[in-house]
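Here's a quick briefing to read alongside the coordinates.

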Amino acid sequence: MSEKSYLDRLDAAREDPVWDQVAGIEKVKDCSRVFTASQIKTMSQCLYQWYLAYVLKAKEESKSAATARGTMIHKTVADLHAKHAWNHWEDLLRVNVQAELDSIEEQGVPWKREVDPEDYFIADSAGMIKNYVDRNRDAQTIGVEVPFRMVLTHPRTGTSYPLVGTVDRLDYDKTGKALTIVDWKTGQTPPDDAFLARDYQMSGYGLAAKNGIFVMPDGEPLHFDAYPERIVWYQMYNLLPYKRAGTKTNGTKYVKGDLRGEPEIDVVRRESDYDAFRADICNAIRGIRMGIIWKSGAGFPGTCAMCRYRSACVTGEYVKSGSSDLADMVIEDREEGVSNGQSGR
Ligand code: SF4
């Protein structure tokens with residue numbers, strides 16, 4: 001997402017009148033300060049990365065081809081559902097690839113590694129999207145890229161913060177009662193059980209269904225008031241057929257044209273998982289408000305390798321992002337040295 005559209009969404013989220021209907025909003029001391037799911041995700045990867053991105057507003061040092069491809073695939077799949085363009089997926093893909101490449105060129109951020117756009121962005125994505133179309137054109141989808149608003153409350157202290165985010169896709173089953181949340185994932189490697197068990201994003205989606213409000217495409221709020229029947233990690237890469245025969249690391253043989261795996265991976269959450277999510281995120285937010293930031297990503301293999309702020313982390317030198325307003329209002333808390341104002345709703 002471009003910086004401008006991120007800011008537009010953040011502004012819309014702060015001002016959204018549906019906040020008055022969100023459960024627990026009366027416990028929030030200042031509703032002008034919202035936290036976004038993308039911030040939470042960055043915080044969970046590394047607090048210092050969050051600090052560089054959202055407080056110092058450092059510009060990303062490089063662009064990952066995998067991230068760019070993920071953005072294009074997301075956009076194309078969302079358009080397929082929203083525009084019912086199942087028979088025109090190839091045209092959509094080409095338009096979205098070109099738009100993303102143009103936008104990256106405009107930002108002037110260098111690629112982390114050079115790739116052949118025709119191969120990497122068109123051919124591979126086309127393989128995934130063609131199979132996605134075949135499997136999903138009849139899905140009972142009620143919305144894509146659906147924003148949610150919720151209040152996150154610490155299970156023991158009761159401290160509450162407003163949280164906003166977007167779910168990729170909402171489906172009802174044929175009874176019209178059971179909700180499924182689908183999150184499109186475009187990375188190459190499927191998650192292992194340990195990763196899925198602690199993934200904050202999935203917990204946030206489940207809680208949004210139970211405690212929050214979805215803002216549907218027609219602007220109407222949807223109160224689901226229950227946990228979703230299913231939360232699905234949709235591994236798009238598994239829809240890319242093998243180009244030649246071979247053997248997987250677990251000994252399974254495959255032939256040319258076989259899919260890499262089942263794309264729908266169910267994520268299971270219990271009440272205790274939701275409590276842990278609430279406590280961890282509220283504690284992280286409180287720590288940040290008190291200025292407790294450390295290079296937490298350094299303890300996890302692979303996190304620093306994927307980080308877009310590695311030079312800034314090591315040298316302390318960085319180029320500022322173009323926006324002077326990218327960061328959330330939580331920054332003012334730190335600068336003022338006070339926990340909040342009393343000017344909420
Ligand atoms: S390089 Fe590692 S420790 Fe430094 S900001 Fe990035 S993820 Fe955090």
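In this predicted model, α4 passes α5 in a right-handed crossing.

**Helix α4 against helix α5**

- Helix α4 covers residues 65-83 and helix α5 covers residues 89-107; their axes cross at roughly 140° and come within 9 Å.
- Angles over 145 degrees would count as roughly antiparallel, so at roughly 140° α4 is oblique to α5.
- On the α4 side, the residues that meet α5 are Ala68, Thr71, Met72, Lys75, Thr76, Asp79 and Leu80.
- Their partners in α5 are Trp89, Leu92, Leu93, Asn96, Val97, Glu100 and Ile104.
- By type, the residues of the contact of α4 with α5 split into eight nonpolar, three polar and three charged.
- As background, an α-helix has 3.6 residues a turn, so residues three or four places apart point the same way.

**Helices α2 and α3**

- Helix α2 (residues 37-45) packs on helix α3 (residues 47-55) with the axes 5 Å apart and an angle of about 135°.
- That angle makes α2 oblique to α3.
- Gln39, Thr42, Met43 and Gln45 are the α2 residues here, and they meet Leu47, Gln49, Trp50, Ala53 and Tyr54 in α3.
- The residues of the contact of α2 with α3 come out as five nonpolar, four polar and no charged.
- Which residues of α3 are buried? They are Gln49, Trp50, Tyr51, Leu52, Ala53 and Tyr54.
- Those buried residues of α3 pack against α2 and also against α11 (310-315).
- After α3 comes Lys57, which has a positive phi, near 55°.

**Core and overall layout**

- The protein has 12 helices and 10 strands.
- Of its 345 residues, 30% are buried.
- Take the contacts between residues at least 6 apart in sequence: 76% of them join residues at least 24 apart.
- The largest nonpolar core holds 67 residues, and Met128, Met150 and Ile181 have the most contacts inside it.
- Which helix gives the most to this core? Helix α9 (residues 271-289) does, with six residues.
- Beyond its neighbours within four places in sequence, Met150 is in contact with Val22, Leu163, Leu207, Ala208, Asn211 and Gly212.
- For context, nonpolar side chains tend to be buried together in soluble globular proteins.

**Two exposed glutamates**

- Glu220 sits in the loop between β5 (213-215) and β6 (221-222).
- Buried or exposed, what is Glu220? Glu220 counts as exposed because it has 10 C-beta neighbours inside 10 Å, and the cut-off for exposed is 12 or fewer.
- In sequence Glu220 is 202 residues from Val18, but their C-alpha atoms are 9.1 Å apart in space.
- Glu118 belongs to helix α6 (residues 117-136).
- Glu118 is exposed too, because 9 other C-beta atoms lie within 10 Å.
- Glu118 and Arg94 are 24 residues apart in sequence, with a C-alpha to C-alpha distance of 9.9 Å.

Conventions. Residues numbered from 1 in each chain as written. Predicted model: local features only at pLDDT ≥ 70, side-chain atom pairs only at ≥ 80, totals over all residues. Core = buried A, V, L, I, M, F, W, Y, C linked by C-beta atoms within 7 Å. Buried ≥ 20, exposed ≤ 12 C-beta atoms within 10 Å, placed from the backbone. Helix = DSSP H or I, 4+ residues; strand = E, 2+ residues; numbered from the N terminus. Contact = placed C-beta atoms within 7 Å. Axes fitted to C-alpha atoms, helices over the stretch in contact; angles between N-to-C directions. Parallel < 35°, antiparallel > 145°, perpendicular 65-115°, else oblique. Left-handed = near helix turned anticlockwise from the far one by under 90°. Nonpolar A, V, L, I, M, F, W, Y, C, P; charged D, E, K, R; others polar.
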